[in-house]
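Please keep the sequence and the structure at hand while reading.

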Amino acid sequence: MQLEQAAATGWPEQGKGLAFQEGRRRHVLDLDDFSRAEMEMVLSTTDAMREVLGREIKKAPTLRGKSVMTVFYEPSTRTRVSFEQAAKILSADVVNLSVQASSVTKGESLLDTLRTLEALRADVVVIRHPHAGAPYLLARHLQRVSVINAGDGAHAHPTQALLDLYTIRQHQGSPEGAKVVILGDVTHSRVARSNLWGLGLMGAHVVLCGPPTLIPWELVEERGRRPDSIGTGHVEVETRIERALDGADVVMVLRLQHERQEAGLLPSLREYARLYQLNEERLALAKPKALVLHPGPMNEGVEISPGVAHGAQSVVQEQVTNGVAIRMALLYLLLTRHPRRE
Amino acid sequence: MVQALMTTEERPHALLLRGGRILDPSQGLDVVGDVLVQEGRVRRAARGAWRGELPSGCQVIDVRGLVVAPGFVDLHCHLREPGYEAKETIATGTRAAAWGGFTTVCCMPNTDPPLDTAAAVAFVLERARQQGVVRVLPIGCVTRGRSGVQLADMADLAKAGVVAFSDDGDPVADAHLMRQAFSYSRLTGLPIINHCQDKAITREGVVNEGWVASRLGLRGAPAAAEEVMVARDIALAALTGGRLHLAHVSTAGSVELLRRAKARGLPVTAEVTPHHLMFTDEWVLGYRDEGLRAPAAFPYDTTTKVNPPLRAQGDVQALRRALKEGVVDAIATDHAPHTLLDKLCTYDEAAFGISGLETALGLLMGLVQQEALDLPTLINRLTAAPAAILGLPLGTLKEGSPADVVVIDPDREWVVDVAAFASKGRNTPLAGATLKGKVVATLFGGAFVHNELAMTSGH
């Protein structure tokens with residue numbers, strides 16, 4: 001079956017740095033250290049996982065005896081439940097730990113908590129944290145645990161970007177050369193950053209669109225001039241939504257946080273919606289079969305109109321299902337391909 | 001405290017440093033010759049061998065191939081005492097200074113309590129006299145409690161012995177109050193040292209605003225936040241006639257404002273730190289300059305978190321040029337020691353600061369090796385230039401001066417071993433790096449406060 005085939009392919013030998021150990025991937029911290037071949041392998045393993053999800057009895061014994069711990073320092077039901085579902089379908093044991101933001105004191109307590117999880121013999125720790133780089137701190141200081149980044153500050157959300165890629169590929173095949181518009185608050189979006197890596201690696205043409213206060217201009221200006229600047233593909237900025245959407249294959253709508261208005265980055269949500277809401281009229285500027293993605297939860301009536309959110313081109317529900325399959329694939333690959341060293 | 005144990009705090013009656021390259025920018029001196037120190041003062045520093053009679057009991061040390069220079073003067077460091085003794089004390093901080101070649105250190109007043117009263121200043125001076133191994137010159141607060149609301153008793157502080165005023169990390173935000181501070185400070189003749197940062201702009205910024213910040217999803221502090229306040233303070237100094245000294249300038253824009261202010265003849269001076277001259281914000285990504293031979297690092301290494309943040313390559317080039325031309329007058333370490341726990345956390349939570357006294361010279365020698373600066377100019381920026389800002393007869397080997405002397409081995413390679421630091425602060429991105437150029441001995445008032453000469457000269 002496909003699962004075994006994927007496993008036989010193995011993780012490509014590559015890379016040094018934090019995510020790798022003895023040439024093998026140990027952590028998933030972002031997509032910036034993925035090769036195209038590795039990405040393809042994750043996506044094809046996800047196909048096999050989709051097949052498991054389609055069975056009448058959604059259970060595989062693959063990860064029996066393995067334990068997955070989710071540690072969320074930010075409230076997020078969707079992502080946590082998705083990981084939990086993925087782990088349980090593969091028969092891993094799951095422990096969920098949610099830490100109230102108010103009790104987050106300092107990183108030492110973060111490390112302390114995670115060292116405890118290590119001592120409890122967790123195999124994988126899935127972490128979400130409001131501070132960029134928190135998963136890197138863990139990966140650096142924990143000896144035996146694999147770390148999966150479920151979102152760190154404005155930095156990265158690799159599993160979301162993978163499921164976005166998978167969803168695009170499912171409908172349109174390879175995103176190579178496709179015009180993908182990332183619409184909204186790009187500056188504060190970890191989803192956008194990880195997607196820039198993932199889409200860039202797969203050869204998509206990315207257009208960032210939003211008001212000038214929510215566009216990371218410096219990121220785009222330094223692209224290609226620096227060895228480590230974000231993404232490897234074609235990226236441009238277009239602040240006028242009509243031009244951005246013209247001929248687009250995919251529109252990724254980002255969630256607009258209400259705090260942006262309070263921080264003075266926006267005059268009002270009303271004006272934001274007037275200028276940047278993806279509605280039916282604007283979506284008509286994109287290609288007829290253009291896909292609409294949203295990482296959720298949606299503010300309907302702000303960044304997206306209800307008609308588009310639930311319209312024929314919206315794949316938001318499929319994204320959720322694919323999210324489970326992607327996370328199954330990553331857990332499977334990390335836990336079955338990585339030799340345990342005790 | 002390992003270093004402190006290695007330090008021999010003995011004061012020979014007389015000492016002859018024989019055959020070194022004497023570099024004393026205060027006299028334009030760059031010659032090979034002997035330096036004679038007697039009874040705590042420089043008796044002779046000049047070309048050629050000392051042909052006079054050696055004082056009885058005079059110790060003679062061969063320093064051929066080494067550089068002999070005045071002890072360094074640091075305009076900006078944090079000794080943390082009173083209040084933060086877990087980070088540093090006057091005892092450990094001054095030993096770190098001695099190890100780094102600094103014989104005079106000006107300590108910032110952001111202690112607890114802050115140095116906003118004569119009594120607090122007297123405590124620091126007394127503690128330094130009892131436990132310090134180099135000269136400590138306190139800097140007093142501009143405002144009471146460093147709160148930016150009401151001026152501190154500046155004349156009282158001056159009488160107690162402060163050499164400048166600063167609220168350092170919490171710059172005076174109220175432009176009206178800053179104007180009065182400049183105006184009132186004229187009573188004392190002392191400069192106001194301002195850490196220029198408009199916090200309304202930087203907000204929660206933790207790194208330089210730019211592609212690195214955005215790449216890592218960290219909040220940025222733009223160069224403009226510094227430049228806005230530099231421009232304000234220059235205008236206020238011009239208005240009042242008060243003296244302005246800019247702490248740790250870090251941007252190309254600040255350098256341009258400074259250049260124009262100096263061209264107008266305004267009483268403005270500035271300092272730059274070794275880390276802003278040698279590191280860029282790419283260090284936060286984990287990049288390391290191969291020239292420094294530092295071990296590869298990880299992204300989000302909190303030892304790179306410092307305020308002002310490490311800037312872009314263009315800023316580093318502008319700072320180097322400004323230092324060479326004298327637009328930026330002096331080098332100051334902004335030595336900011338922290339405990340392990342202050343840095344063992346996420347980047348957002350980590351304390352700002354780099355422990356810099358012990359690596360300063362070794363790091364700065366990179367400028368000489370890369371031919372960005374010649375050695376006499378580098379020594380000037382560490383000695384005569386900062387002494388001139390203080391208006392004190394330090395940083396010189398003139399006859400009769402205090403015998404504050406450093407001996408430098410410009411070719412000595414050494415590995416930065418933070419576990420062996422005299423400072424309690426091991427927070428430096430240079431841990432494990434190999435540096436070329438080292439202070440091998442430091443004399444303070446004619447006494448060795450750091451000495452590994454035997455290892456160098458075989459004496």
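Helices H2(A) and H6(A) are roughly perpendicular to each other, a word used here for angles of 65 to 115 degrees, while angles under 35 degrees count as roughly parallel, those over 145 as roughly antiparallel and the rest as oblique. The model is a predicted one, in which local features need pLDDT of at least 70, side-chain atom pairs count only at pLDDT 80 or more, and totals for chains, interfaces and linings use all residues. Residues are numbered from 1 along each chain as its sequence is written, chains are lettered from A and ligands numbered from 1 in the order in which they are written, and side-chain values use heavy atoms, with hydrogens and water left out. Helices (H or I, at least four residues) and strands (E, at least two) are DSSP runs, numbered from the N terminus.

**Helix packing**

Two packed helices are described by the angle between their axes and the distance between the axes. Axes are lines fitted to C-alpha atoms, for helices over the stretch in contact, and angles run from 0 to 180 degrees between N-to-C directions. In chain A, H2 (residues 36-53) packs against H6 (residues 158-172) at about 70 degrees, with the axes 11 Å apart. Contact (heavy atoms within 4.5 Å) involves Met39(A), Glu40(A), Val42(A), Leu43(A), Ser44(A), Thr46(A), Asp47(A) and Arg50(A) on the H2(A) side, and these meet Leu162(A), Leu165(A), Tyr166(A), Arg169(A) and Gln170(A) of H6(A). Sorted by class, this contact of H2(A) with H6(A) has 6 nonpolar, 3 polar and 4 charged residues, where Ala, Val, Leu, Ile, Met, Phe, Trp, Tyr, Cys and Pro count as nonpolar, Asp, Glu, Lys and Arg as charged, and the others, Gly among them, as polar.

In chain B, the axes of H9 (residues 252-263) and H12 (residues 313-325) come within 8 Å and cross at roughly 30 degrees, and H9(B) and H12(B) are therefore roughly parallel to each other. From H9(B), Ala252(B), Val255(B) and Arg259(B) meet residues of H12(B), including Ala318(B), Leu319(B) and Glu325(B). The contact of H9(B) with H12(B) has 5 nonpolar, 1 polar and 3 charged residues.

**The parallel sheet of chain B**

E6(B) (residues 72-77) and E7(B) (residues 102-107) pair over 4 bridges, and Asp74(B) stands opposite Val105(B) in E7(B). The chain passes from E6(B) through H2(B) (residues 90-100) to E7(B) in a right-handed β-α-β crossover, meaning that, with the strands pointing away from the viewer, the path from the first strand over the helix to the second runs clockwise. Likewise, 4 bridges join E7(B) to E8(B), and Thr104(B) stands opposite Arg135(B) in E8(B).

**Burial and backbone geometry**

Buried means under 20% relative accessible area, exposed over 50%, and partly exposed in between (1.4 Å probe, protein chains only). By this criterion, 6 of the 6 residues of E6(B) are buried, and in H14(B) (residues 360-369) 8 of 10 are buried.

Most residues other than glycine have a negative phi, and most peptide bonds are trans.

| Cis peptide bond | Omega |
|---|---|
| Gly296(A) to Pro297(A) | about -10 degrees |
| Asp112(B) to Pro113(B) | near 5 degrees |

Pro297(A) lies in the loop between E11 (291-293) and H13 (306-309) of chain A, and Pro113(B) in the loop between E7 and H3 of chain B.

Arg121(A) has a positive phi near 70 degrees; this residue sits in the loop between H4 (107-119) and E5 (124-129) of chain A and is partly exposed, with a relative accessible area of 48%. Arg80(B) also has a positive phi, of about 70 degrees, and lies in the loop between E6 and H2 of chain B, but at 8% relative accessibility Arg80(B) counts as buried.

Methods. Pairing = 2+ DSSP bridges.
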